[in-house]
Amino acid sequence: MKRFYDDEANSLFVQSFDAFYSPKMPQTPVEDIDFYAGIAQKAGGSVLEVGCGTGRVALPLAELGFNVTGVDTSGGLLSIAERKAAEIPIAAQQRLRFVQQDMSDLQLDEQFAAVLAPFHSFQHLLTSELQIRALKAIHQHIRPGGRLVLDLVDLHVDILSEKLVPPRSRSAVHEPSGRRYVRNLLNTRYDHFAQTRHDVWRFLEIGKDGETLQEETRELVLRWTHRWELHHLLARCAFSVEAECSDFLHSPPCYGKELLVVARV
């Protein structure tokens, strides 16, 4: 079975990505752009976004005047980001670039004032060894005094014990093309020893008469990290926690919500 981010530019997963992660979808954050812009403004320099996908965060930051480098492992998602970038003002395009790399093996020959890992992208690192490798790689690419922002989700015990079940079906329309997609959660398995959650999703493209045009099954694996575990990981990699929030409105830390950490070199 394919993993979520296996790199196939024409896959149904890549084609439907912007539909399911549109700002209009309930699972997509809408306040995070202003939050990240505030961090970048405070850091006072260029921005590196790891796990940038199709540019949902990188493009508006470039339009706000920041020099932004977006990194992702998926060439398919980056190809969409580059197409979208061609539609923004020329001045913003000149402040923006995309690079296909893994966040645990960054080699950009540049340092940044702020490094962002939005929308739980850090949780795709499935072992503590990979997390440490990524944090050390990020540390080499961030200026002294620069900031790192990690957005994780603090899974509530009711979710981990499967008392609460996530939505099993979502539908979305890709507005520019009008193509309609459905995503069904077929199975969820928790590995509590490894701290990983394994979701099997089936993607469908639906035609005008309700017929299935395409179908694809993929597995999404994410690792959850507890709050104090994250503190120790950051300290081990020479970061100090500057601020913690449970949402993008700067609410204080709260169990079972976003685990949003701003760390400083």
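The legends below describe close-up views of helix packing and of a sheet in a predicted model. In this predicted model, local features need pLDDT of at least 70 and side-chain atom pairs count only at pLDDT 80 or more, whereas totals for chains, interfaces and linings use all residues. Residues are numbered from 1 along each chain as its sequence is written, and side-chain values use heavy atoms, with hydrogens and water left out.

**View A. Packing of helices α6 and α8.** Helix α6 (residues 128-140) packs against helix α8 (residues 227-236) at an angle of about 45°, and their axes are 9 Å apart; helices are DSSP runs of H or I with at least four residues, strands are runs of E with at least two, and both are numbered from the N terminus. Axes are lines fitted to C-alpha atoms, for helices over the stretch in contact, and angles run from 0 to 180 degrees between N-to-C directions.

**View B. Residues between α6 and α8.** Q131, I132 and L135 of α6 meet L233, L234 and R236 of α8, where contact means heavy atoms within 4.5 Å.

**View C. The open sheet.** Seven strands form an open sheet in the order β4-β3-β2-β5-β6-β12-β11, with mixed pairing; two strands pair if DSSP finds at least two bridges between them. Because β4 (96-100) and β11 (240-245) stand at the edges with a single partner strand each, one side of each is left without a neighbour in the sheet.

**View D. The pair β3 and β4.** Strand β3 (residues 68-72) pairs with β4 in the parallel sense over five bridges, and V71 stands opposite V99 in β4.

**View E. Helix α6 on the sheet.** Helix α6 lies across β5 and β6, running at about 145° to β6.
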